[in-house]
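Have a look at the picture first, then read on.

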Amino acid sequence: MKRIVTLQDISCVGRCSITVALPILSAMGVECGILPTAVLSTHTMFKTFTVKDLSDQIEPISDAWEKEGISFDGIYTGYLASGSQCRQVCNFFDRFGRPDNLILVDPAMADNGKLYPAFDSSFPAEMAKVCAKADIILPNITEASLLTGLPYRTEYGPDYIEALSEKLLELGCKTAVITGVSYEPGQLGVTYLNKDREKFSYFTRWCPQSYHGTGDLYSSVVLGGLMRGLSLGDALSLAADFVVVCIEATAVSQSARWYGVEFESQIPLLCRMLEKRLKKEM
Ligand code: PXL
């Protein structure tokens, strides 16, 4: 069984970061170690929340793992609490990255044209350094524009997405995925461009609802798929199809707004969707 480690926060309530990554990766048959970077009462979209930064734990935990000879097939980062934590994560990649393991970075920091409330304008440059060391990055369009300095657009065509992808590759990552891409009303999808100039895109139906933590669900399913041996294209399409199903399950409840995406009821389906794609790739 593959073992990964995810470095992100524990938001105790609200279905994001580690409380999504752990159950999803476990369900997909991947051992999921965690390095919690902070503990919050909820994610930061609630009006009141507490934060306990755990930056001072990253190094001693890493030292102990190194002494024990612990290694990982994948390293997965999501929401990071500060610029200095980004630098610690780069250091973690240098210690635990190997030619044959996969570094996947979800630069979770912004959406709908805006940085999340906890960050100031100096943060994207620090996150860009984390992206530089990644095999695969998965920004949305807002994050891609903040990482590259290209303007944020709500109306665009493939040329804009390609320009963003090219600039993302210039940061140093091997593959730049962009999520939340839409060229036509009623469609939403994902694209990638890699260093070998290979291109990919996949679209699903667009859902009118948007929930916090959707990106975390998306990235966790992608990594689970990759660790189980899917191609990147199949992992991205699996994650897109699964997120749509979860959003539709969540939309049934009116009070769901801040509690993330209801994925729990859909886990048996995720396992079936994964098995189906694995059979196709055999
Ligand atoms: O879903 C990303 C995320 C993760 N963790 C925390 C957040 C957010 C988004 O706002 O606040 C603490």
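This is a predicted model: local features need pLDDT of at least 70, side-chain atom pairs count only at pLDDT 80 or more; totals for chains, interfaces and linings use all residues.

What follows covers the ligand site, the cysteines and a few individual residues.

## Ground rules

Residues are numbered from 1 along each chain as its sequence is written, and side-chain values use heavy atoms, leaving out hydrogens and water.

## Around the ligand

Which residues surround the ligand? The shell is made up of Asp9, Ser11, Cys16, Ser17, Leu40, His43, Thr44, Tyr79, Tyr116, His212, Gly213 and Asp216, where a residue is near if one of its heavy atoms lies within 4 Å of the molecule. By type, that's four nonpolar, six polar and two charged residues. Here Ala, Val, Leu, Ile, Met, Phe, Trp, Tyr, Cys and Pro count as nonpolar, Asp, Glu, Lys and Arg as charged, and the others, Gly among them, as polar.

Now for the polar contacts (pairs of N or O atoms within 3.5 Å; within protein, one must be able to donate a hydrogen and the other to accept it, and residues adjacent in sequence count only if both atoms are side-chain atoms). The side chain of aspartate 9 has an N or O atom 2.9 Å from a nitrogen atom of the ligand. Histidine 212 puts a polar side-chain atom 2.8 Å from a ligand oxygen, and aspartate 216 also has a polar side-chain atom 2.8 Å from an oxygen of the ligand. On its own the ligand has 310 Å² of accessible area, and the protein covers 98% of that (Shrake-Rupley method, 1.4 Å probe; for residues, only the protein chains shown count as cover).

## Cysteines without partners

How many disulfides does the model have? The count is zero, taking a disulfide as a pair of cysteine sulfur atoms within 2.5 Å. For cysteine 16, the nearest cysteine sulfur belongs to cysteine 12 and is 9.9 Å away. Cysteine 86 has its nearest cysteine sulfur at 7.1 Å, on cysteine 90.

Cysteine 16 is buried at 6% relative accessibility, and cysteine 86 is buried too, at 0%. Buried means under 20% relative accessible area, exposed over 50%, and partly exposed in between (1.4 Å probe, protein chains only).

## Two positive phi angles

Most residues other than glycine have a negative phi. Serine 17, though not a glycine, has a positive phi of about 40°. Serine 17 sits in the loop between strand S1 (3–13) and helix H1 (18–27), and is buried at 1%. Helices (H or I, at least four residues) and strands (E, at least two) are DSSP runs, numbered from the N terminus.

Asparagine 112 has a positive phi as well, near 50°. Its loop runs between strand S6 (110–111) and strand S7 (114–115). Is asparagine 112 buried or exposed? With a relative accessible area of 61%, asparagine 112 is exposed.

## Asparagine 140 and its contacts

Asparagine 140 is in the loop between strand S8 (136–137) and helix H5 (141–148), and is buried at 12%. Its side chain makes a 3.4 Å polar contact with that of aspartate 111, and reaches the backbone nitrogen of glutamate 143 at 2.8 Å. Leaving aside residues up to four places away in sequence, asparagine 140 touches Ala110, Asp111, Ile178 and Thr179, with contact meaning heavy atoms within 4.5 Å.
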